[in-house]
Amino acid sequence: MKISEVREMSIADLQDRIGVEKANLDTMKINHAVSPLENTSEIKKLRRDIARMMTVLAQKQNEQN
């Protein structure tokens, strides 16, 4: 997900999306523990997307205060 797409999202949308993506990450980690994935770059990409969304969310919350 591109940073421009993340910045266009509202605070509520970001919170919802972060929750969904964290659940996806947990599922991927469990699947990887059971039977190792050939390509772990998807996990890395998902972690970075979550971090991006959390950073933008914090910035937007600070702007409101």
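**Exercise 1.** In this predicted model, find the helix that holds both Glu21 and Arg17, and state how many residues apart they lie.

*Solution.* Step 1: both residues lie in helix α2. Step 2: they are four residues apart, about one turn of the helix. Step 3: check the contact. Glu21 forms a salt bridge with Arg17, with the closest N and O atoms 3.0 Å apart. Step 4: classify the partners. Glu21 has a relative accessible area of 11%, so it is buried. Arg17, at 32%, is partly exposed.

**Exercise 2.** Trace the network in which salt bridges join Asp49 to its partners.

*Solution.* Step 1: a search of the whole structure gives three salt bridges. Step 2: Lys45 pairs with Asp49, the closest N and O atoms being 3.1 Å apart. Both lie in helix α3, four residues apart. Step 3: Asp49 also pairs with Arg52, at 2.8 Å between the closest N and O atoms. These two are three residues apart in α3, so about one helical turn separates them. Step 4: shared partners join Lys45, Asp49 and Arg52 into one network. Asp49 is buried at 9% relative accessibility, whereas Arg52 is partly exposed at 32%.

Technical notes:
Residues are numbered from 1 along each chain as its sequence is written. This is a predicted model: local features need pLDDT of at least 70, side-chain atom pairs count only at pLDDT 80 or more; totals for chains, interfaces and linings use all residues. Side-chain values use heavy atoms; hydrogens and water are left out. A salt bridge is a side-chain nitrogen of Lys or Arg within 4 Å of a carboxyl oxygen of Asp or Glu. Buried means under 20% relative accessible area, exposed over 50%, partly exposed in between (1.4 Å probe, protein chains only).
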